[in-house]
Amino acid sequence: MNERVEAALNDQISKEASSSQYYLAMASWAENNGLNGTSKFMYVHSDEERFHMLKLVKFVNERGGKALIPAISQPPTEFDNLKSVFELLLKHEISVTESINNLVDICLQEKDYTTHNFVQWYVSEQLEEEALARTILDKLKLIGDDNGGMYMFDRDLEASVLAAPTAATDTKK
Ligand code: FEO
């Protein structure tokens, strides 16, 4: 496997692992603050990021490279409020998108079209994840400081998690 591509894929493995930990910290915070729907959403999101990481690990190893399993760094344990949690999530996803774009760029520079093809799945995934985070933030902006609205938001988020397929159950992924 091309060394530059392998290094970039390993860097992405580390980013997906960090994302999983970050959303797990958000899930735990939400659970401790009575936001059960948000907590479920974040637990599922954390699992999905782990799935993103595993998909990369398997790809690197199957193509003759060596996947490096990264150390776990401590994510934040406290968050200001629900809106700031989703603002941080969007900011984080934008940085992941930049990293995926960089990976695409390296594949093209190194003429590694197989990896380029593989990475397209992540390009689409990032589009969906950023769009979802923006939709959620738009709703939270409408709700403002209204506690009743916040309660409904959390309940709706729980319903959406229960209705949506996850990485573990969606056979297309
Ligand atoms: Fe795997 Fe949300 O980036």
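This is a predicted model: local features need pLDDT of at least 70, side-chain atom pairs count only at pLDDT 80 or more; totals for chains, interfaces and linings use all residues.
1. Moving on into helix α4, which spans residues 113-143, have a look at glutamate 130. Is glutamate 130 buried or exposed? Its relative accessibility is 13%, so glutamate 130 counts as buried, the limit being under 20%.

2. What does the side chain of glutamate 130 make a polar contact with? The partner is the side chain of threonine 97, at 2.6 Å. Once neighbours within four places in sequence are set aside, the residues in contact with glutamate 130 are Leu90, Glu93, Ile94 and Thr97.

3. Next comes the packing of α4 on helix α5 (residues 147-163): the angle is about 160° and the axes lie 9 Å apart. Angles over 145 degrees count as roughly antiparallel, so that is how α4 runs relative to α5. The crossing of α4 past α5 is right-handed.

4. Finally, the residues where these two helices meet. On the α4 side they are Ile136, Lys139, Leu140 and Ile143, and on the α5 side Gly149, Met150, Phe153 and Leu157. Sorted by class, this contact has six nonpolar residues, one polar and one charged.

Key:
Residues are numbered from 1 along each chain as its sequence is written. Side-chain values use heavy atoms; hydrogens and water are left out. Helices (H or I, at least four residues) and strands (E, at least two) are DSSP runs, numbered from the N terminus. Buried means under 20% relative accessible area, exposed over 50%, partly exposed in between (1.4 Å probe, protein chains only). A polar contact is a pair of N or O atoms within 3.5 Å; within protein, one must be able to donate a hydrogen and the other to accept it, and residues adjacent in sequence count only if both atoms are side-chain atoms. Contact means heavy atoms within 4.5 Å. Axes are lines fitted to C-alpha atoms, for helices over the stretch in contact, and angles run from 0 to 180 degrees between N-to-C directions. Angles under 35 degrees count as roughly parallel, over 145 as roughly antiparallel, 65 to 115 as roughly perpendicular and the rest as oblique. A crossing is left-handed if the near helix is turned anticlockwise from the far one by less than a right angle, and right-handed if clockwise. Ala, Val, Leu, Ile, Met, Phe, Trp, Tyr, Cys and Pro count as nonpolar, Asp, Glu, Lys and Arg as charged, and the others, Gly among them, as polar.
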